[in-house]
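Student: I am new to this structure and would like a close look at a single part of it. Please start there, then show me how the rest is laid out.

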Amino acid sequence: MGSRPTLVELIGVAVGWVALSLFTDSLVASSFAVLWLVWKLLIVPGMPPVLPFALSFQWFQACGGMIYCVFFDRDLPTLHVPEYRTMVVLSLASVALIAIGIWIGSRLLGVRHYPAGATSVISRQQLFTAYVVLTVSEGSINQFAWQYPMLTQAIIAVALIRLGVLYLMLRHFSSPTLRMAPLGLLLAFEIALGFTGFFASFREPLAIAALVLYQVFDWRRGEHMAAVASLMLVAVLSGTVWMGVRGQFRAEQIENTVFAQSRSARFSRMADLVSAWFSRGGGEAWYDMDFFVDRMWTVYYPSLALARVPNSTPHTDGRFVTGAVKHVTMPRLLFPDKPELPSDSEKVREFSGVWVAGRDEGTSIAFGYVIESYVDYGVPRMFIPIAIYGVFMGMAFALFTRWIRTAEFGVPLLTVVFWLGLYLFEESWAKKLGDNLTMFLYLGGLVFLLERLMRSGRLGEAAAPSPEARVHADLYPATIGPPAAHLSPRKHRSA
C-alpha cells in the first residue's frame, strides 16, 4: 500500500495549493490536494490502481463540475445553490477520510503482493471460451435473477465474474505487447454492448481498460500514448453522447416491452440515435457536455438538503446509517418479508424540499451517503461512519489478497469488486454496504472456490508455461507487505 507523505512532499503540495489558489480558487486548489492524497496513499505495487481510481471517480462527482466551470467558464445549476461550496467541502473531506481509512485498514492486516513470474493457470482457450459464454448468457442470467427475488442480488453478483474475465481479456491484448487492433475491437464491442442497456453499462469496460493500460503504460512508446489519448477521448465522447440520447432511448424501452427485450432492436435504434446526435450543431454538443458534467457532479440536491437541515428539518439521529446496517444484516434469503429500500427520490423530496421523479416514473434521483451521514448526525459526527467504512474496505482488500493466492484470480476479483464497491459517490449507505457485502460473499466466494478447483486440477490442466502464458513479472512483483523499501525499479510504471 502507498506510503505516508514526506515533509518535502507536503511542502510541495502547500506551494502548489497557494499558486493554484491565486490563479483559480482556494476550493479548487484544495480539491487537487485531496486527489494527490488519494493517489499517494492507495497505490498498491503489482496491482492496477483500482483503489485510487475508484476514489478519483468519487472525487470528480464531488467537485468536478466546479472545476469544469472554473477552467471552461461555464455555468451549471449547482453554482446557484447557496450551500454548494459547503457541500463540496464535506464531500472532499469524506473522500479523503475514506482514503485514509483504507490505508489504515490495509496496513493493519498487511497486503499480500502476488509473486513475480507466476505461470498462468488459465489457458487462452479457456479464457476466450469463458468470455463468449458469459457474454452470450448475460441477458438470460439477469432475467433469471429477477424471477427469484430472494436470490436476485446473489445471482447478479456472481454474474459480475464476466467483468473479471473481461479484465483478463484486455490484459491478454496489452501484455507483454500492446496490440492496439484487437484491444480496440474488444473495447468497441463492449462499449456498443453497454449502450444497449438501460443504464450506462459502457462505463465499466472503459474503467477496466484504463486500469489495464495504466499497468503497462510507457510514455516513451508512441502506441501507448495513442492508446491512452484514444481512451480518454472515447470516455468523454461516450458520456456526452449518452447524456444526449439516453432520455429518448429509455422512454422507448419503458413504453415498448418487445423493444426492451430485443438486444438487436435496441442496438439498431441506438445506432440511429447516435448518428442523429453527431449530425447536430456544436452548440447543442456543448449543451450535452454541460449536461454530462452536471449529471456527474452530484451535489445539487445534497446542497439543498444542507440548507434545510437542521434549520427547518431536524437531524434524524442515525436513521439512515443504522437502517442500512439493519438492512444488510437481514439477508432476503433468510428474511423474505424484508421491506424494500425506500427510493432515494423520497429522501430528496423530504430533505431537499423539491419534488423529483421517483418509482412511479421508473427512476430514482440520487441522494448519496455523505448527505445521509450529515442528515443523521451533522458535523463532525457524520465523519465517524465514513471513517469506519474506509477502514473496513481497507481490511477487506488486504484479506482478499491473502485468501486468493493466484494473481489471475485475485487481481481481476479485486479490480471488479473494489471498483464497483467504491466508485459511486451518490450511493446511499444501504446500497453501498449491501452491494459490497454481496460481492464479497458471493463473487468473492465463487472466485475462491474456482481458484482452489483450478489449482487442484479439477477444472482441467493448467496452461503450459510459455512466453505468451506467463504472467508479466512487472505486473506482479514478489513483495510481501507494504514497506516501499522492498520495491525495485522496473521497466514499466508500477501500479
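Where is Ser-428 found?

Tutor: Start with a caution. This is a predicted model. Now to the residue you asked about. Ser-428 sits in a loop. That loop lies between helix H19, residues 407-422, and helix H20, residues 429-456. Ser-428 counts as buried, because its relative accessibility is 6% and the cut-off for buried is under 20%. Then follow its side chain. The side chain of Ser-428 reaches the backbone nitrogen of Lys-431, at 3.2 Å. Now set aside the neighbours within four places in sequence. Ser-428 is then in contact with Asp-344, Lys-347, Gly-368, Tyr-369 and Glu-372.

Now step back to the whole chain. The chain has 495 residues, and 49% of them count as buried. Its secondary structure comes to 20 helices and 0 strands. Take the contacts in the chain with a separation of 6 or more. Residues 24 or more positions apart account for 79% of these.

Arg-162 is found in helix H7, which covers residues 161-172. Its relative accessible area is 5%, so Arg-162 is buried. The side chain of Arg-162 makes a polar contact with the side chain of Thr-135, at 3.0 Å. Leave out residues up to four places away in sequence. Arg-162 then touches Tyr-131, Leu-134, Thr-135, Glu-138, Glu-190 and Leu-193.

Pro-176 lies in the loop between H7 and helix H8, residues 180-195. The peptide bond from Ser-175 to Pro-176 is cis, with omega near 5°. There is a cis bond at Pro-310 as well. The bond from Val-309 to Pro-310 is cis, with omega near 5°. Pro-310 belongs to the loop between helix H14, residues 300-308, and helix H15, residues 319-328.

Stay in the loop between H14 and H15, for Asp-317 is found there too. Asp-317 is a residue other than glycine, but its phi is positive, near 55°. Asp-317 is exposed, because its relative accessible area is 60% and the cut-off for exposed is over 50%. Asp-73 also has a positive phi, about 55°, although it is not a glycine. Its place is in the loop between H3 and helix H4, residues 84-109. The relative accessible area of Asp-73 is 69%, so Asp-73 is exposed.

That brings us to helix H3 and its partners. Helix H2 covers residues 26-42, and helix H3 covers residues 50-72. Their axes are 10 Å apart, and they pack at an angle of about 165°. H2 is therefore roughly antiparallel to H3. The crossing of H2 and H3 is left-handed. On the H2 side, the contact includes Leu-27, Val-28, Phe-32, Leu-35 and Trp-39. On the H3 side, it includes Leu-51, Phe-53, Ser-56, Trp-59 and Met-66. By class, the residues of this contact divide into 18 nonpolar, 2 polar and no charged.

Pick out one residue from that contact. Leu-35 is found in helix H2. Not counting residues up to four places away in sequence, Leu-35 touches Ser-56 and Trp-59. Leu-35 and Phe-60 are 25 residues apart in sequence. In space, they are 9.3 Å apart, C-alpha to C-alpha.

Helix H3 also packs with helix H9, residues 203-216. Here the angle is about 135°, and the axes are 11 Å apart. H3 and H9 are therefore oblique to each other. Their crossing is right-handed. Val-50, Phe-53 and Phe-57 of H3 meet Arg-203, Ala-207, Ala-210 and Leu-211 of H9. This contact has 6 nonpolar, no polar and 1 charged residues. Phe-53 takes part in the contact with H9 and also in the contact with H2.

How values were computed: Residues numbered from 1 in each chain as written. Predicted model: local features only at pLDDT ≥ 70, side-chain atom pairs only at ≥ 80, totals over all residues. Heavy atoms only, no water. Axes fitted to C-alpha atoms, helices over the stretch in contact; angles between N-to-C directions. Helix = DSSP H or I, 4+ residues; strand = E, 2+ residues; numbered from the N terminus. Parallel < 35°, antiparallel > 145°, perpendicular 65-115°, else oblique. Left-handed = near helix turned anticlockwise from the far one by under 90°. Contact = heavy atoms within 4.5 Å. Nonpolar A, V, L, I, M, F, W, Y, C, P; charged D, E, K, R; others polar. Buried < 20%, exposed > 50% of the residue type's maximum accessible area, 1.4 Å probe, protein only. Polar contact = N/O pair within 3.5 Å; in protein donor to acceptor, adjacent residues only side chain to side chain.
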